[in-house]
Amino acid sequence: MSNTLKYNDITTFHPGYYVAEIIDNMHISQAEFAMRMGTTAKTLSQLINGQANISNDLAKKISLMTGTSIDLWLELQSSYNKKLIEIEQAKDIDEQKDLVKEIDYKYFIENADLPATKCAEEKITNLCKYLKISDLRILNKSDFLLNLGNTSNNNDILFIKNIICSKMWIQTAINKADSIKTKPYDSRSVKAYLPKLRRLSVTSPKEFIPIIKKAFASFGIALVILPHLKNSEIDGFVKWIDDDKVVLAMSNKHMDANYFWYSLFYEIKYVLLQKVKTVFIKSDNKSITELDVKLAKQLDEFAKNNLIKPTDYKAFSSTQKNSDVDIIAFADRIGVHPGIVAGRMKQDNLITKERYTKLNENYMIVYEMMTNNNN
């Protein structure tokens with residue numbers, strides 16, 4: 001190990017560098033200097049070569065021997081230690097620069113109020129602070145935020161990018177949920193609210209989003225809807241903050257009437273299961289999430305049956321009256337958006353994709369809707 005370290009434009013000298021200069025100026029050997037100082041030749045050699053630090057005892061002995069202050073030697077050691085950290089940080093930043101190129105930093109300017117910058121180092125620093133991590137590479141650790149198995153052995157660049165961006169989206173939603181004040185979780189109130197929640201599907205997002213958000217907060221659920229983050233493969237997730245508060249987050253990537261309401265009820269079921277130690281992820285990417293078949297069926301049936309009663313759907317779908325007018329009339333009669341009925345019928349191959357698209361409605365849900373009525 002050298003007593004002089006350089007990295008880019010950073011240079012630092014170990015206190016042993018200055019001890020070596022003193023020995024040279026005294027024109028004596030290291031062995032004699034060690035004897036005069038009252039230490040071993042090995043300890044002095046390690047100090048000179050940067051392999052040992054200045055201890056309080058060594059600082060005292062050098063100061064007495066050279067007529068310098070103890071503080072001088074302790075400050076030299078402290079300064080060296082700080083420079084070592086600076087060098088390590090610079091190396092870490094450089095090793096993250098390729099990674100930050102793959103991240104849509106503009107997303108965090110628009111949705112997390114991060115300062116605009118073109119400097120890779122500043123982007124890394126800002127993102128680490130916002131995501132509450134010391135290094136962006138932590139996002140690829142298999143046991144961080146999501147349990148994805150051993151992702152470190154998967155060298156597929158796209159997969160790694162998907163994992164990292166997905167976790168960034170999750171942490172962003174968690175950060176947003178921190179500002180949502182909720183009452184202690186109450187499963188009975190959640191269940192009792194489902195019929196009213198279902199009827200809100202006939203209103204517009206501008207109307208129902210603040211209503212749902214406020215109601216959910218009173219049940220212990222922090223509802224967060226965020227714009228999709230490029231390269232993120234997650235459509236939504238459920239994560240318990242503690243026994244009294246749970247985050248239910250959704251992405252606006254596929255935000256139409258049928259998808260929104262089906263996904264919302266799907267994830268409400270997972271909330272009701274109260275698996276506090278598990279992060280439930282909703283994604284089409286099976287590499288990121290794989291649900292047990294039995295559980296997936298349970299969630300699916302809960303969403304479908306709460307949106308349209310099985311008896312109502314069976315009675316309607318068994319008739320030959322399935323024109324667009326008939327579907328709209330049936331949806332109006334049971335109090336749901338026509339797109340929900342159309343989505344169910346398309347899934348059962350009772351209508352074409354074109355008819356489903358016509359009856360469905362694309363939602364324009366912007367984050368501003370979610371920031372109203374926080375308390």
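The protein averages a pLDDT of 89, and 92% of the residues score at least 70, pLDDT being the predictor's confidence in each residue on a scale from 0 to 100. Over residues 149-153 the pLDDT is below 50, and in the model this stretch has six contacts beyond near neighbours in sequence, where contact means heavy atoms within 4.5 Å. This is a predicted model, so local features need a pLDDT of at least 70 and side-chain atom pairs count only at pLDDT 80 or more, while totals for chains, interfaces and linings use all residues. Residues are numbered from 1 along each chain as its sequence is written, and side-chain values use heavy atoms, with hydrogens and water left out.

Let me begin with the strands. Buried means under 20% relative accessible area, exposed means over 50%, and partly exposed lies in between, with a 1.4 Å probe and protein chains only.

Strand E3, residues 221-226, is mostly covered, since six of its six residues are buried. From E3, Ile-221, Leu-223 and Ile-225 point one way, whereas Ala-222, Val-224 and Leu-226 point the other way, and all are buried. E3 runs parallel to strand E5, residues 245-251, and six bridges join the two; strands are taken to pair if DSSP finds at least two bridges between them. Within this pairing, Ile-225 has Met-250 of E5 as its bridge partner, and Leu-226 has Ser-251.

How many of the residues of E5 are buried? Seven of the seven are, so E5 is largely enclosed by the rest of the structure. Lys-245, Val-247, Ala-249 and Ser-251 point to one side of E5, and Val-246, Leu-248 and Met-250 to the other, all of them buried. E5 also pairs with strand E4, residues 236-242, here in the antiparallel sense and over six bridges. A hairpin of two residues joins E4 to E5, and Asp-242 stands opposite Lys-245 in E5.

In soluble globular proteins, nonpolar side chains tend to be buried together. A nonpolar core, as used here, is a set of buried Ala, Val, Leu, Ile, Met, Phe, Trp, Tyr and Cys residues joined through side-chain atoms within 4.5 Å. The largest such core has 53 residues, of which Leu-197, Phe-216, Trp-261 and Leu-264 touch the most other members. Helix H11, residues 257-273, supplies the largest share of this core, with 10 residues. Leaving aside neighbours within four places in sequence, Leu-197 is in contact with Ile-212, Phe-216, Trp-261, Leu-264, Phe-265 and Ile-268. There is also a second, separate core of 39 residues, which includes Ala-112, Leu-146, Cys-165 and Ala-217.

Next come the charged pairs. A salt bridge is counted when a side-chain nitrogen of Lys or Arg lies within 4 Å of a carboxyl oxygen of Asp or Glu, and by this rule the count comes to 15.

In helix H2, residues 30-37, Arg-36 and Glu-32 are four residues apart, and therefore separated by about one helical turn. Their side chains meet in a salt bridge at 2.7 Å, N to O. Arg-36 counts as exposed, at 51% relative accessibility, and Glu-32 as partly exposed, at 30%.

In helix H4, residues 56-66, Lys-60 and Asp-57 are three residues apart, again about one helical turn, and they form a salt bridge whose closest N and O atoms are 3.6 Å apart. Both are partly exposed, Lys-60 at 38% relative accessibility and Asp-57 at 35%. Helix H4 is also the place of Ser-63, which is buried at 6% relative accessible area. Not counting residues up to four places away in sequence, Ser-63 touches Thr-68, Ser-69, Ile-70 and Trp-73.

Asp-324 and Lys-358 form another salt bridge, with the closest N and O atoms 3.4 Å apart. Asp-324 lies in helix H14, residues 324-334, and Lys-358 in helix H16, residues 353-359, so the pair ties together parts that are 34 residues apart in sequence. Asp-324 counts as buried, at 18% relative accessibility, whereas Lys-358 is exposed, at 65%.

Finally, Asp-92, Glu-95, Asp-135 and Arg-137 are linked in a network of salt bridges.
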